[in-house]
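Open the model in a viewer and keep the selection panel at hand.

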Amino acid sequence: MENAALLQSEFSRIGEFFEPYLESVIPGEGLEQQVVADAMRYSLLSGGKRIRPFLLLTCYRLAGGEEREALPLAAALEMIHAYSLIHDDLPCMDNDDFRRGRPTNHKVYGEAMAVLAGDGLLTHAFETAVKAPIQPERLLSAIRELAQAAGLYGMLGGQSIDVESEKKQFLLTETQMRQMYAMKTGALLKGACRIAFAAAGVSGKPLEAVTIYAQELGLTFQIVDDLLDRIGSFEELGKPIGSDAKNEKTTFATLHSIEECRELARRHTENAVAACAALPDSKVLKALAWYLLERRK
Ligand code: GRG
């Protein structure tokens with residue numbers, strides 16, 4: 001099957017059981033604290049691309065596991081992603097009004113509730129992750145990977161470097177920017193793969209290979225994200241373009257021309273695909289890498 005068709009059929013196959021599961025583990029109705037639960041659901045169930053849970057479930061399968069066992073971990077990772085987007089859109093961060101074609105969380109629920117909804121999703125992620133029917137030692141190391149991806153040495157650390165650089169109004173060097181992006185954006189993608197391998201009890205060479213794959217994928221993802229913020233469209237992205245310029249951020253698209261960005265993204269995709277040589281049954285991972293290079297949203 002051709003890359004795009006394979007990926008599409010895998011996304012819809014996985015989506016069929018991932019989406020109902022995600023819906024089932026997030027608090028619903030009849031609560032005293034209904035407003036915050038609604039705010040959590042608003043962002044979690046608003047139709048993101050679901051790349052991180054897809055990657056996690058795909059990696060768990062190729063590491064020898066049965067996908068459904070890893071659903072709580074995949075849902076937890078998507079909750080952490082949703083929390084990061086809510087907080088990133090706040091007035092004290094990027095101050096964005098639209099995401100996925102809808103008003104951002106704080107525009108609907110107010111700032112205080114949006115902060116709480118993000119905190120709620122982060123906490124609920126761990127409550128959900130522990131439900132995975134996986135051998136306790138493996139589950140513990142998978143949850144350690146989840147915490148590391150999200151925290152000080154991962155996404156949150158990268159976000160804080162980004163915020164600091166804006167406050168001090170200096171441009172990051174290319175090396176600093178890559179380090180920041182490896183944490184802010186790359187950590188959850190790398191986390192998706194490493195959580196899956198930890199849960200399946202796989203280490204050594206395959207773990208090294210999937211880590212390299214994810215790091216390269218993260219770089220492509222970010223370069224394309226920077227390009228889309230410059231040359232994408234509101235209709236496709238569901239949010240206004242030009243947010244990076246508005247916030248005077250150093251991005252791949254400020255340090256490089258559009259053509260250079262495209263070339264860089266292609267090179268990182270090729271590296272990701274090359275890393276797959278050391279992995280069994282990696283067709284879907286390769287297809288995902290090519291899709292992320294070409295994506296328009
Ligand atoms: C607030 C701790 C904290 C962290 C925020 C993720 C993040 C760190 C900021 C988001 C800013 C941003 C646009 C980063 C670029 C990469 C990225 C995470 C894009 C959004 O992810 P997609 O495209 O989103 O997977 P969907 O909507 O498809 O889920």
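**Second largest pocket**

By class, 7 nonpolar, 7 polar and 5 charged residues line the second largest pocket; Ala, Val, Leu, Ile, Met, Phe, Trp, Tyr, Cys and Pro count as nonpolar, Asp, Glu, Lys and Arg as charged, and the others, Gly among them, as polar. The model is predicted: local features need pLDDT of at least 70 and side-chain atom pairs pLDDT 80 or more, while totals for chains, interfaces and linings use all residues. Numbering starts from 1 along each chain as its sequence is written, and side-chain values use heavy atoms, without hydrogens and water.

Select Ala 182, Gly 186, Ala 187, Lys 190 and Gln 215, which lie nearest the centre of this pocket among its 19 lining residues. A pocket here is an open set of points on a 1 Å grid over the protein atoms alone, where a 1.4 Å probe fits, with protein on both sides within 12 Å along at least five of seven lines; lining residues have an atom within 4 Å of a point.

**Largest pocket**

Next select His 81, Leu 85, Arg 99, Asp 225 and Lys 239, the nearest to the centre of the largest pocket out of 44 lining residues. Its lining has 12 nonpolar, 12 polar and 20 charged residues.
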